[in-house]
Amino acid sequence: MKDAFGAPQSLLVLGGTSEIALATARRLIALRTRTVRLAGRPGPALDAAAAELRARGADVRTVDFDALDAESHPTVLGKVFTEGDVDMVLLAFGITGDQGRDEEEPLAAVRVAQTNYTGAVSAGLVCAGALQAQGHGSLVVLSSVAGERVRRADFIYGSSKAGLDAFTQGLGDALHGTGVHVMVVRPGVVRPEPAPATAPEPVPETVPAARAASPSPAPARGGVALLASARFASARSASARFASAPLEAPSLTTTPDAVAEAIVTGLRRRSETVWVPGPLRAVMSALRHVPRPLFRRLPL
């Protein structure tokens with residue numbers, strides 16, 4: 001069960017070597033999470049991750065798990081739940097693939113889709129059923145802003161995340177009222193944690209991303225035609241501003257630790273959707289309404 005502060009006492013990570021997952025586990029262990037199960041393909045990386053978390057005071061064990069082997073999921077994951085209640089499941093596995101190669105090698109594209117979507121659907125349903133059977137717990141799924149509006153630059157990866165995002169939202173609706181909390185996390189581009197600076201550096205002034213992406217106020221009068229025209233102009237204006245600050249802009253990127261902090265905050269608030277960083281919500285809201293001819297011209 002969760003403690004008085006909403007922190008889970010037991011954690012199951014699917015994708016046990018994920019940087020975001022490990023950053024989240026560190027934060028939760030600091031908040032008194034005592035049991036951690038890292039599920040992933042066996043190897044030195046998984047063993048090292050377990051050893052690091054074990055050194056922080058948690059009871060950590062590894063679980064042999066292959067996202068592509070859906071037939072094994074009920075047995076492998078079911079066994080974890082038979083060993084005791086799981087307060088939180090973090091679904092953090094996935095691959096980005098190589099867009100150029102994957103377009104020319106359909107089997108490589110299929111692997112991206114099967115890992116990010118099919119494997120996640122299988123594992124997600126198994127864990128959701130187990131959480132529902134025990135009557136409590138949280139299922140946290142790492143999606144991506146790449147699935148909000150699929151870009152030419154990574155449409156294979158983006159489409160798999162779009163499917164995962166939609167699946168998770170539907171699963172959350174299906175489990176509403178059962179005691180199981182489902183949360184979708186949509187990070188932007190995730191950068192490695194910055195190295196500690198030897199001396200403070202001045203921070204340049206920038207226009208806040210949320211303000212830059214905010215639509216213009218709707219006209220008070222003018223009828224439906226004027227309102228539609230204003231909305232189109234607003235989206236076009238937001239897109240033009242966004243073109244000078246693409247998704248890789250520092251103000252719209254994030255780090256594993258920042259995503260972990262947002263996950264912990266979302267758990268405490270029982271949020272259903274978490275954007276990291278927060279201004280991406282406004283940016284993607286504008287981009288979703290940009291006409292395709294204009295969207296194709298953006299440097300995304």
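What percentage of the 300 residues of the protein chain count as buried? In this predicted model, 46% of the 300 residues count as buried, where buried means under 20% relative accessible area, exposed means over 50%, and partly exposed lies in between, as computed with a 1.4 Å probe on protein chains only. Residues are numbered from 1 along each chain as its sequence is written, and side-chain values use heavy atoms, with hydrogens and water left out. Because the model is predicted, local features need pLDDT of at least 70 and side-chain atom pairs count only at pLDDT 80 or more, whereas totals for chains, interfaces and linings use all residues.

The protein chain has 11 helices and 7 strands, taken as DSSP runs numbered from the N terminus, with at least four residues of H or I for helices and at least two of E for strands. Its accessible surface comes to about 15200 Å², of which 56% belongs to carbon and sulfur atoms, the areas being derived by the Shrake-Rupley method with a 1.4 Å probe and, for residues, with only the protein chains shown counted as cover. Among contacts between residues at least 6 apart in sequence, 75% join residues at least 24 apart, a contact being defined by heavy atoms within 4.5 Å.

Helix 1 has 12 residues and reaches 17 Å from its first C-alpha to its last, close to the 16 Å expected at 1.5 Å a residue, the expected span being 1.5 Å times one less than the number of residues. Its buried residues are I20, A21, L22, A23, T24, A25, L28 and I29, and their cover includes strand 1 (10–14), strand 2, helix 2, strand 4 (88–91), strand 5 and helix 9.

A total of 13 salt bridges was found, each requiring a side-chain nitrogen of Lys or Arg within 4 Å of a carboxyl oxygen of Asp or Glu. One of them joins R27 to E261, with the closest N and O atoms 4.0 Å apart; because R27 lies in helix 1 (residues 19–30) and E261 in helix 9 (residues 256–269), this pair ties together parts that are 234 residues apart in sequence. R27 is partly exposed at 28% relative accessibility, and E261 is partly exposed at 44%. A further salt bridge joins R152 and E103, whose closest N and O atoms are 2.7 Å apart. This pair links distant parts of the chain, with R152 in the loop between strand 5 (137–142) and helix 6 (155–175) and E103 in helix 4 (residues 99–104), 49 residues apart. R152 is exposed, with a relative accessible area of 56%, whereas E103 is partly exposed at 36%. Salt bridges that share partners also join E148, D165, R186 and R288 into one network.
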